[in-house]
Amino acid sequence: MHGNVLLQAFVYLAAAVLIVPIAKRLGLGSVLGYLIAGVALGPYALGLVGQEGQDVMHFAEFGVVMMLFLVGLELEPRLLWQMRRPILGLGGLQVTATALVVMIIALAVGQSWQIGLALGLILAGSSTAIVMQSLGEKGWMKAAGGKAAFSVLLFQDIAVIPILAILPLLAGQSAASGEAVRPGWQQALLVLGAVLTVIAAGRFLVRPFFRFLATTRLREVFTAASLSLVIGTALLMQAVGLSPALGTFLAGVVLADSEYRHELEADIEPFKGLLLGVFFIAVGASIDFRTVAAQPGLVFGLTAGVMVLKATVLLLLARVERLDRRSRLLLALSLSQVGEFDFVLFSFSTTAGALPSTIDRPLTAVVELSMLVTPLVL
């Protein structure tokens, strides 16, 4: 079973087709349906998905990359500049306040400030995939709370870059892994070069190229070019140590005022939806119920504690921003979970020595459970 790619694909698709419509009919939303399907397929239920679930998740995470490309297509640079206050203000305060509170709690229980800060920076992020999908299905993206949540998510995704740079610095002497590390100035130049390359290519190469492709009147070639654009941008960003999702978001913003924006959206949307569905199923299948069963009090307590802490910080910040009561609740409840990028950040931080490997498995279970609970909370 586990070596047959076609059979695995059939199992994933069949689970989505059978379970997701039922979840939607019950008012639970498609995201929870996908997560439940993943739990049912996982090694602790039907056992139809085994260790290859992690490989499937790495592939399906590309759905998140495509989603942020489409988000960028909806945001012209002028609009993004207009949103700078909620993005930098509300988003920046949320990440900073959450990280500081977690660090203080870690110090109170006897951990070092380095471990506390690393945990705080990682746990500050929320799930762009789950929040955007859930709010979009319920028609809440245009509400004040939905717009505020979107601004915070944008800042969180951008903040992944400095967090990846900060984590090795928090490792101290334990970070010696033998790997060659680029000097800071060299990494900064690479990042700046990659960003400028994406902007310049979008302005001066991609638009004329799509204009040429349009003259061929071959839809499948245009679709292939759209996918190549997203994949190429993601690979460029990975090569310089940046988030692929952030790079494709930037590419989308650059092309937001292009005359081919709607064609790009139409070509990418089906792939994004399918890959996001597979990503949610993979998250559900990867929940380690052995860790949960071995330490139920710790895992459930941490999950509830993290979600309550993040919701409380967001409620206070929303009050400062003078959002109405309904918008404050929507913002706090929608962003109280931990995000998909945290799988990468936890793995990176343990490899770099910023976090002890013993807490990786319980915290990964916390991430997965918080993502599972969020659609119910909403």
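Is tyrosine 34 buried or exposed? Tyrosine 34 counts as buried because its relative accessibility is 17%, where buried means under 20% relative accessible area, exposed over 50% and partly exposed in between, with a 1.4 Å probe and protein chains only. The model is predicted, so local features need pLDDT of at least 70 and side-chain atom pairs count only at pLDDT 80 or more, while totals for chains, interfaces and linings use all residues. Residues are numbered from 1 along each chain as its sequence is written, and side-chain values use heavy atoms, with hydrogens and water left out.

**Aromatic pairs**

- The structure holds five aromatic pairs, a pair being rings of Phe, Tyr and Trp (its six-membered ring) whose centres lie within 6.5 Å, with planes under 30 degrees apart counted as stacked, over 60 as edge-to-face and the rest as tilted.
- One of them is the tilted pair of tyrosine 34 and phenylalanine 280, at 6.2 Å centre to centre and 35° between the planes.
- This pair links distant parts of the chain, since tyrosine 34 sits in helix H2 (residues 30-41) and phenylalanine 280 in helix H13, 246 residues apart; helices here are DSSP runs (H or I, at least four residues) numbered from the N terminus.
- Phenylalanine 280 is buried, with a relative accessible area of 0%.
- Phenylalanine 222 and tyrosine 260 form a tilted pair as well, at 6.0 Å centre to centre and 55° between the planes.
- Because phenylalanine 222 lies in helix H11 (residues 219-239) and tyrosine 260 in the loop between H12 and H13, the pair ties together parts that are 38 residues apart in sequence.
- Phenylalanine 222 is buried at 7% relative accessibility, and tyrosine 260 is buried at 13%.
- Phe222 and Tyr260 belong, with Phe209 and Phe210, to one aromatic cluster.

**Phenylalanine 249**

- Phenylalanine 249, found in helix H12 (residues 244-254), counts as buried at 6% relative accessibility.
- Leaving aside neighbours within four places in sequence, phenylalanine 249 is in contact (heavy atoms within 4.5 Å) with Leu68, Phe69, Val71, Gly72, Leu75, Leu80 and Leu154.

**Serine 349**

- Serine 349 is found in helix H17 (residues 341-352) and counts as buried at 0% relative accessibility.
- The side chain of serine 349 reaches the backbone oxygen of phenylalanine 346 at 2.9 Å.
- Not counting residues up to four places away in sequence, serine 349 touches Ile122, Leu167, Ala354 and Leu355.

Methods. Helix = DSSP H or I, 4+ residues; strand = E, 2+ residues; numbered from the N terminus. Polar contact = N/O pair within 3.5 Å; in protein donor to acceptor, adjacent residues only side chain to side chain.
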